[in-house]
Amino acid sequence: MPDDTEDFEQESVARSFWSGTITFGLVSIPVALYAANRSTRISLRMVSPEGTPLNRRYFTSRDDKELDPDDIVRGYEIEKDKFVLVDDDELERLAPERTRDIDLRQFVDASEIDPMYFERAYYLTPAGQSNKAYRLLAQVMEETGRAGIATFVMRAKEYVVAIMAENGILRAETLRFADELRTPADVGLPEPVDPAAAAVKRMDREIGKRVEQGLNTKDLKDESAERLLKLVRKKERAGDDVVEPGQVRGGGDDTSDVIDLMEILKQRLQGIQDEPAGAASAADESDLEESSRAELYARAKALDIPGRSGMSKDQLVKAIRRSA
């Protein structure tokens, strides 16, 4: 189901990203679609130790050849490392007919829909002059406890949705397809057994101690994200590990400490070549211990040491020694 709707959920200001018409029989109600949730998850960017954002590039796994975007095609893997290629024209011919209709095919009791089928929530709002018809449909559906099962096309994909009413508002839940759900047998759950009556009473008492009148939404918070933000803000205030492209790791406004790492590396490498082997080795050992992480990283980069960006200072020292 729709991974492409992730983009819509990143909008800080709610706005409609799709509009169409609910249709069934002689009923036609223009509506707009809004994401009912927004993502507040904390994401970390992949950057170099100097703070430069990284770009993703594609390479062939066989010969490590870099590909341009125009060279990339789609393929369906029919068996290990054997693909059937499908081009854009073929995909276009397979795409569903473009339409702005939400085709309500049937109404069912809302309680009959297993929540496991629900994937992503949206609000439907009246568009144009459809407010009266919209409110009428919402009222009847809410009073009867029914949900409408519908299909609609968005971005050349067809979705199945359940439309439900609550507090006079229509909601749409995109539904997973039946073959996307696992059964208890699929995950290896054992056959159910009848517990002893005494055990049932003990369990009931333990649950009863924790029963609340309703769900406290304040408990629905991402504590791990809060801890991460707290750490980031603490390090920002202290100027610890704050980097910008072109600056030495550590941040700060004093430019007197900014050095040309590549020039230092060239000088050191030149010195190693000019010195006797024993003296060079002793001096190199001392230099490694006294070097900053940024200097060590530059040296590791020149030596093409794999995995260097994720190494600590001690790990860089050890890797450089092994490559020497």
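This is a predicted model: local features need pLDDT of at least 70, side-chain atom pairs count only at pLDDT 80 or more; totals for chains, interfaces and linings use all residues.

Mentor: Start with Lys235, which counts as partly exposed because its relative accessibility is 28%. Partly exposed lies between buried (under 20% relative accessible area) and exposed (over 50%), with a 1.4 Å probe and protein chains only.
Trainee: Which residue forms a salt bridge with Lys235?
Mentor: Asp241 does, with the closest N and O atoms 2.9 Å apart. A salt bridge here is a side-chain nitrogen of Lys or Arg within 4 Å of a carboxyl oxygen of Asp or Glu.
Trainee: Is Asp241 buried, partly exposed or exposed?
Mentor: Asp241 is partly exposed, because its relative accessibility is 34%.
Trainee: Which residues are joined into one salt-bridge network?
Mentor: Glu166, Arg171 and Glu173, through salt bridges that share partners. Between Glu166 and Arg171, the closest N and O atoms are 3.5 Å apart.
Trainee: How many salt bridges are there in the whole structure?
Mentor: The search finds 8. One of them pairs Asp88 with Arg74, at 2.6 Å between the closest N and O atoms. That pair links distant parts of the chain: Asp88 is in helix H2 (residues 88-94), Arg74 is in strand S5, and they are 14 residues apart.
Trainee: What counts as a helix or a strand?
Mentor: Both are DSSP runs, numbered from the N terminus: helices are H or I with at least four residues, strands are E with at least two.
Trainee: Which strand does S5 pair with?
Mentor: S5 (residues 74-79) pairs with S6 (residues 82-86), antiparallel, over 5 bridges. Pairing takes at least two DSSP bridges between the strands. Arg74 has Val86 in S6 as its bridge partner. The hairpin has 2 residues between the strands, and Asp81 takes a positive phi near 60 degrees.
Trainee: Where is Phe83?
Mentor: Phe83 is in strand S6. Phe83 is partly exposed because its relative accessibility is 46%.
Trainee: What is the average pLDDT?
Mentor: The average is 81, and 81% of the residues score at least 70. pLDDT is the predictor's confidence in each residue, from 0 to 100. Over residues 248-259 the pLDDT is below 50.

Technical notes:
Residues are numbered from 1 along each chain as its sequence is written. Side-chain values use heavy atoms; hydrogens and water are left out. Contact means heavy atoms within 4.5 Å.
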